[in-house]
Amino acid sequence: MKKILLVCNAGMSTSILVQKMKKVAEQKGIEVTIEAIPSTDLSQFWQSSDVILIGPQIGFMKDSIKETVENKIPVEVINMVDYGRMNADKVLALAIDLIK
């Protein structure tokens, strides 16, 4: 099972997206674990993840997050429109594509 980690400021709005992504994954028969965490907790949780998606509000942190994960896993910023619309289907597809 693959693990998708969403990182944002406080983990609040991203947790809504996580719930929607879980529903989409279940409907499509995709076995994944999806979690949302605040950026301050990244160093504790990234090692068990297969991909990290960053909330657009902290997209400026992409390079520092890549350094934190030592470029061992893919890191990408979620498209602002997809995030704003809570388009779980597109965000899940992005994560799956990055894992492959």
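Is Thr 14 buried or exposed? At 1% relative accessibility, Thr 14 counts as buried (buried means under 20% relative accessible area, exposed over 50%, partly exposed in between, with a 1.4 Å probe and protein chains only). The structure is a predicted model, in which local features need pLDDT of at least 70 and side-chain atom pairs count only at pLDDT 80 or more, while totals for chains, interfaces and linings use all residues. Residues are numbered from 1 along each chain as its sequence is written, and side-chain values use heavy atoms, with hydrogens and water left out.

Thr 14 sits in helix 1 (helices, H or I and at least four residues, and strands, E and at least two, are DSSP runs numbered from the N terminus). Its side chain and that of Tyr 83 are joined by a polar contact of 3.0 Å (a pair of N or O atoms within 3.5 Å; within protein, one must be able to donate a hydrogen and the other to accept it, and residues adjacent in sequence count only if both atoms are side-chain atoms). Setting aside neighbours within four places in sequence, Thr 14 is in contact with Leu 6, Cys 8, Ala 36, Gln 57 and Tyr 83 (contact means heavy atoms within 4.5 Å).

Now for strand 1. Six of the seven residues of this strand (residues 2-8) are buried, so the rest of the structure largely encloses it. Strand 1 pairs in the parallel sense with strand 2 (residues 32-38) over seven bridges, and also with strand 3 (residues 51-54), again parallel, over four bridges; two strands pair if DSSP finds at least two bridges between them. Lys 3 has Thr 33 as its bridge partner in strand 2, and Leu 6 stands opposite Leu 53 in strand 3.

Helix 5 comes next. Its buried residues are Ala 88, Val 91, Leu 92, Ala 95 and Ile 96. What covers them includes strand 1, helix 1 (12-28), strand 2, strand 3 and helix 4.

Two loop residues have a positive phi without being glycine. Asn 71, with a phi of about 55 degrees, is found between helix 3 (62-68) and strand 4 (75-77) and is exposed, at a relative accessible area of 59%. Met 86, with phi near 55 degrees, lies in the loop between helix 4 (80-84) and helix 5 (88-99), but is buried at 17%.
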